[in-house]
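Let's take a friendly walk through one part of this structure, starting at a strand pairing and moving on to a set of annotated residues.

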Amino acid sequence: MFNVKNEAQVIEAHEALLLGLFSKNQKTTGLTKELDLLLDGQITELLKEGDIRAEQNTVSKVHTLGKAPIKRVYFLGLGKEEKQTLESLREAFGKAVKTISEAKVESFAVGLDSFVTKELDVLDVAHAFGEALALSTYKFADYKQKSNAPEKKIEEVVVYSSGDTEEIQASLTVGYAYGQGTNSARTLVNLPGNMLTATDLANYAAELGKKYGFEVEILEKEDMEKLGMGALLAVNKGSVEPPKMIVLKYQGKENWEDVIALVGKGITFDTGGYSIKPKDGIVGMKSDMGGAAAVLGAMEIIGELRPEKNVVAVIPSTDNMISGDAFKPDDVVTSMNGKTIEILNTDAEGRLALADGITYAKFHGASYLVDVATLTGGVIVALGNDITGAMTNNEAFFEEVLEASIEAGEPIWRLPITENHKKRVRKSQVADLNNSPGRDGHAIFAGTFIGEFAEDTPWVHLDIAGTATTTSAHNLGPAGATGVMVRTLATLVERFGETEE
């Protein structure tokens, strides 16, 4: 995909070349200056006339008209250099790559040094470009009838820089792996419920494990019954599809210690059960396994990069359906850790699945827990569709997750857990816990409930109900699944422990 070369070789022929342009910089430098000389000063003139613009996320295309071996040059406006961040650069790259991709080119070149700032070195830029290249060109292979003619797509990018070519190649490759892992999660979330059952999800995870050498464990319904996973089994009662408890283990250290557990909600379709969703709310519930997809996407990145960390991925998976056998409000079920739960709302099923998932992650030696779930509509009411809700029982561990989310450009906002929230979750005349204390603070009660199973193990809960999908295309992808939290989880694992030093 990437071919890194010394900057002096730019005179080679290319279908397109991408260069960065900061505002308040009307003087041509580097590759831009070299091209300006070939084009008899026309780039300087176009800059003066405003035909080439430097505002953030603007893309200006210039045809060389045979005066240079490069057919067309794309100038990417970056705004003020001092305001450029890794996130804004990633977004800008996405805009540029989308524009170039629409020209149906199969290869293009990029002058990497033209994007470097005082705060972002060439390796940061390379990582951001690798991510953006994968993310912005993602397309879901839908089920429409279409021509059999293969669609042209970008196959190669020649990267020019005066930096160390091996280090740049590595940063590009890592960034691209992050983007590809996110795209894999997007595809899983975009799949219809009839094409992604719990069994399908388990098979996908098993193939991922085979590819990367993970230890794989898939618990069947009979196994869950023996282990007493009554919470997950209750959700599955109304379904004809068997449930699966999916486990992938990656050991990057000599000893199985300091284990980070990634627990993803894998509800492949959610009707709400007898607390049935309204007709408008039930559409799109194929995405209710977005947490599982995020965990699997992160495990793909971990498999590619092989960090020296220990990770266990746990995915409790089923659909939530209605039948004569389905669980009901007023039922009492017993979770794997022995706590009994009064069911007040069958549409609060994700927290039930996660309860057994978290307990099983602890069974596998988890030292730290992160659960990811499309859990509540309440988090959307609280934070909108752009910010993931977060809750925790451990300040230091939360800081690790927060730092990872900032680096990944996937913002999170912390919600509280108070003693009053715990009292409400523990209020039941017939059981240890209830699964739905009320509509007020609904997102907080859901997280508080899950925290009852994390207990004293450092834990962070991520509610991606608002951020797992988007209704409109953006610079880093199309409408549909976003693959949110894949890169945050992978960054957390890769960087874990650094903020404590």
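Val 332 stands opposite Glu 342 of strand E13. In this predicted model, strands E12 and E13 (residues 340-342) run antiparallel to each other, paired over three bridges. They belong to an open sheet of three strands, ordered E12-E13-E17, in which the pairing is mixed. Strand E12 (332-334) and strand E17 (433-434) form the edges, each pairing on one side only.

An unreviewed UniProt entry lists Asp 270, Asp 347 and Glu 349 under "binding site". These residues span 80 residues in sequence, but no two of their C-alpha atoms are more than 8.6 Å apart, so they gather at one spot. Asp 270, Asp 347 and Glu 349 are also part of the lining of the largest pocket.

Now for their surroundings. Setting aside residues up to four places away in sequence, Asp 347 touches Asp 270, Gly 272, Ser 275 and Lys 277. With Lys 277 there is a polar contact between the two side chains, at 3.0 Å. Glu 349, leaving out its neighbours within four places in sequence, has contacts that include Asp 270, Val 235, Lys 265 and Phe 327.

Key:
Residues are numbered from 1 along each chain as its sequence is written. This is a predicted model: local features need pLDDT of at least 70, side-chain atom pairs count only at pLDDT 80 or more; totals for chains, interfaces and linings use all residues. Side-chain values use heavy atoms; hydrogens and water are left out. Two strands pair if DSSP finds at least two bridges between them. Helices (H or I, at least four residues) and strands (E, at least two) are DSSP runs, numbered from the N terminus. UniProt positions are given in the numbering used here, feature names are shortened, and annotations may be inferred rather than shown by experiment. On a 1 Å grid over the protein atoms alone, a cavity is a set of points where a 1.4 Å probe fits but cannot get out, and a pocket is an open set with protein on both sides within 12 Å along at least five of seven lines; lining residues have an atom within 4 Å of a point. Contact means heavy atoms within 4.5 Å. A polar contact is a pair of N or O atoms within 3.5 Å; within protein, one must be able to donate a hydrogen and the other to accept it, and residues adjacent in sequence count only if both atoms are side-chain atoms.
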